[in-house]
Structure formats: structure tokens, C-alpha cells
Amino acid sequence: KISCLIVGTNTENNREEAMELRLLVRKRSKDKLSVISIPSNMLVDIPGYGFEKIGQAFSAGGMPKMLSTIRNFLGVKIDYWIKLDYKDFKRLANQNNFTKMISTTDETNLSLNQRLQLAEEIGEVNLTDIEIFALPVKLITLNEITYADPDKEEISQLIAKIFNIKNKKGD
């Protein structure tokens, strides 16, 4: 499996914030692609900052803080990351054009060859073998701010399924 976090960012008042997030998980052995949509207003514990919208992790410390926040929350390793301008992200996400998202990057930790290879591999996945998931959340309002409150049990089950993680009981 290869995982790649794609983050669409927007800058307002000299502050860059993550507006949308997608975690792509490429299962080479089964020739499948799982895409997890992570709401930017999901309430999570940002290391060193406390509970806040996950999109704020980017403002708090760029991609390193975003990656550590998602790793801590989901409990999985993220191999690669891509940062896109939010307008490009939105346009390509609406088209489910994940290959173009990988090749249109503003910043990434993928080398050019890795980007080309990953884009090619994803382009070869049949549409019927692409699973798109939204993290299960419910909307809550705290101090007049709306947050997406994650359903941790359902998210754990979803992540276990996608990453083929067995629980400690061996179920």
C-alpha cells in the first residue's frame, strides 16, 4: 500500500489554511484505490495546540503539523503528501481526477519520477476499483462555530478495512 495526502490550501490575511483534504491509498496487490475525504472542520487534537479544526493544523505548522495531526488521529503512516492551491484542488476533486491532482502539485515530497509513476498507476485503476469514502462525522456547534465531530469507532473500522489492519483481539 502507498498512501498520499492531498491538501488544498487557501491564503487569507497572510495565513495559509487547509481547506480540503483527501487521503489516497493505493493497494497495488489488488489494483484498487481508496480515497478518504477528510472534512477540514473536523475537530481533532492538534499536537501542541489542543482541539481545533483539522484544517488549522496547516496554519499552526505547515505540512509537518498536518501530517502529525492526521497520523495521530487515524493511526496510520502517510507515505507522501501533495499541496495544491485550493482552486485547483476543488476543480480536480469535482472531476475525481486524482491523476491530475498528483501532477499539478504546488509542493510535494514526491520526486518527479515518483509523481509520474504514482499518477500512471492511479490512472490504470479501473473506475469500478476506486472507492471514495467520507469520514463519518456529525455536525456540532460550539461557541457559534460549526465543527465536524468524528465518529471515532466508525472511523477506526473504516481505516482498518482500507489499511487491512487486524484488531488486537484477532477478529
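Let me start with one residue. Apart from neighbours within four places in sequence, Thr69 is in contact with Val44, Asp45, Ile46, Pro47, Ile54 and Ala57. This is a predicted model, so please take the contacts as computed from it. Thr69 counts as buried because its relative accessibility is 0%, under the 20% cut-off. Thr69 belongs to helix H1, residues 56–74.

Now the sheet. Six strands form an open sheet in the order E7-E6-E1-E2-E3-E8, and the pairing is mixed. At the edges are E7, residues 107–108, and E8, residues 130–134, each pairing on one side only. E2 pairs with E3, residues 32–38, in the antiparallel sense, over seven bridges. Within E3, Ile38 is the residue that stands opposite Leu21. H1 packs on this sheet and touches E1, E2, E3 and E6, with its direction at about 30° to that of E2. Helix H4, residues 112–124, also packs on the sheet; H4 touches E1, E2, E3, E6 and E7, and its direction makes about 60° with that of E2.

Last, helix H2, residues 86–94. Its buried residues are Phe89, Leu92 and Ala93. Viewed down the H2 axis, they fall within an arc of 100°, so they line one face of the helix. Their cover includes strands E1, E2 and E6 and helix H3. Lys87 and Asn94 are exposed, on the face turned away from the buried side.

What about the ends of H2? At the start, a side-chain oxygen of Asp85 comes to within 3.1 Å of the backbone nitrogen of Lys87. After H2 comes Asn96, with a positive phi near 50°.

Conventions:
Residues numbered from 1 in each chain as written. Predicted model: local features only at pLDDT ≥ 70, side-chain atom pairs only at ≥ 80, totals over all residues. Heavy atoms only, no water. Buried < 20%, exposed > 50% of the residue type's maximum accessible area, 1.4 Å probe, protein only. Helix = DSSP H or I, 4+ residues; strand = E, 2+ residues; numbered from the N terminus. Arc of directions from axis to C-beta. Contact = heavy atoms within 4.5 Å. Polar contact = N/O pair within 3.5 Å; in protein donor to acceptor, adjacent residues only side chain to side chain. Pairing = 2+ DSSP bridges. Axes fitted to C-alpha atoms, helices over the stretch in contact; angles between N-to-C directions.
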